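Hi,

Here is the structure I promised to pass on to you. Have a look at it first, and then read on for what turned up.

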Amino acid sequence: MKKAKGKYRRLGIVGCGAIGSLVAELLEKRKSSFRVSAVLDMVPDSALKLSKRLKSRPTVCAHLDQLLPKCDFVLEAASVKASLPVAEAALKSRKPVVMMSTGGFLLNQKKLSALAVKHQTKIYLPSGALCGLDGLKAARQIGEIRELRITSTKPPAGFQGAPGLTQAQKRSLYKSKIAFYLYKGDVWGAIQRFPANVNVAATTALASGNPRKLKVRVVSDPQIRSNQHEIHVRGDFGELTAVTRNKPSVQNPKTSALAIQAALALFERLESYVEIGT
Ligand SMILES: NC(=O)c1ccc[n+]([C@@H]2O[C@H](COP(=O)([O-])OP(=O)(O)OC[C@H]3O[C@@H](n4cnc5c(N)ncnc54)[C@H](O)[C@@H]3O)[C@@H](O)[C@H]2O)c1
């Protein structure tokens, strides 16, 4: 796809883990018009290591006030908790922000949307590790969505350290030989309990336009090797079921490789003359 010509856009990355690092390296490799100019991580060594791997040698920043003047665009790839201050600061300086931690957007939707309007600056929420959102967005344009469900299933390692695991769940996580539910409920509870696992649920809830409608299930399955997400939508348009079986990222088993690729696809769309998909 032909890219829009023009100046480079300076990209500031907050969070230099699995997503931030690979997106930075691949944008550089594919000669994107987004050039990583500044990096920030709460573990300074992670930002330093990433900077050294990039030809653009982005400035390693100690805080957001230092990063923002050095970029035109921000990628948040840190955590649900970190995403609010990052997005707030970016919007207040009129820098568009890509939020990978979409759960952070859902929890602060009113505040962040108001800031985006006030400063006339966009927030981008990539589809991440999930397919089917294009259909869901189209489905809600006319008529009603009557049923909306997402089931996220991962191997036990994908839930290591999740704040919402009960004591009993912690004990069974690696012992159980069969799949079991870790959570059944609404999207807000899912984000509080499994913030690093259910960004896809947050994105689905937001794409539906009616987050209250979404039923979330989180499953640990010792028999699978993939991070699997299944969305089911039923409404006046008809019915949609989309299953995505993702390979976990090598650096972070909680994160799917497709989430990283979705961020790259978003940057590709931003520099393209032709946009494909809803
Ligand atoms: N939208 C999706 O489908 C999707 C999919 C996977 C992951 N995610 C989310 O994207 C985010 C990044 O994922 P990842 O796999 O790269 O995680 P990761 O743990 O590999 O990397 C996160 C990095 O951010 C840094 N960090 C954490 N808090 C920070 C803060 N306050 N300031 C600066 N740096 C901070 C960490 O030190 C780490 O280096 C997570 O919130 C994750 O849940 C979203």
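Which residues of the largest nonpolar core touch the most other members? They are Val39 and Ala201, in a core of 74 residues. A nonpolar core here is a set of buried Ala, Val, Leu, Ile, Met, Phe, Trp, Tyr and Cys residues joined through C-beta atoms within 7 Å. The core draws at least three residues from each of domain 1 (9–128 + 258–270) and domain 2 (133–248), with domain bounds coming from an automatic or database domain assignment.

Before going further, two notes on the model. It is a predicted one, where local features need pLDDT of at least 70 and side-chain atom pairs count only at pLDDT 80 or more, while totals for chains, interfaces and linings use all residues. Residues are numbered from 1 along each chain as its sequence is written.

Now the overall picture. The chain has 11 helices and 11 strands (DSSP runs, H or I of at least four residues for helices and E of at least two for strands, numbered from the N terminus). Its radius of gyration is 19 Å, close to the 19 Å that the globule rule gives for 278 residues, so the chain is as compact as a globular protein of that length. That radius is taken over C-alpha atoms, and the rule is 2.2 Å times the number of residues to the power 0.38. Buried residues make up 42% of the chain; buried means that 20 or more other C-beta atoms, placed from the backbone, lie within 10 Å of a residue's own.

Helix H10 (residues 199–208) deserves a visit. In this helix 10 of the 10 residues are buried, so H10 is largely enclosed by the rest of the structure. Its buried residues, Ala201 among them, pack against helices H5, H7 and H9 and strands S7, S9 and S10. Leaving out residues up to four places away in sequence, Ala201 touches Ile150, Ser152, Val187, Ala190, Leu214 and Val216, where contact means C-beta atoms, placed from the backbone, within 7 Å. Just after H10, Gly209 takes a positive phi of about 75°.

Finally, the ligand. It is surrounded by 30 residues, the closest being Gly15, Gly17, Ala82, Gly128 and Thr255 (a residue counts as near if its C-beta atom, placed from the backbone, lies within 6 Å). Helices H1, H4 and H10 each give two or more residues to this shell.

Enjoy exploring!

Technical notes. A residue is buried if 20 or more other C-beta atoms lie within 10 Å of its own, exposed if 12 or fewer, and partly exposed in between; C-beta atoms are placed from the backbone. Two residues are in contact if their C-beta atoms, placed from the backbone, lie within 7 Å.
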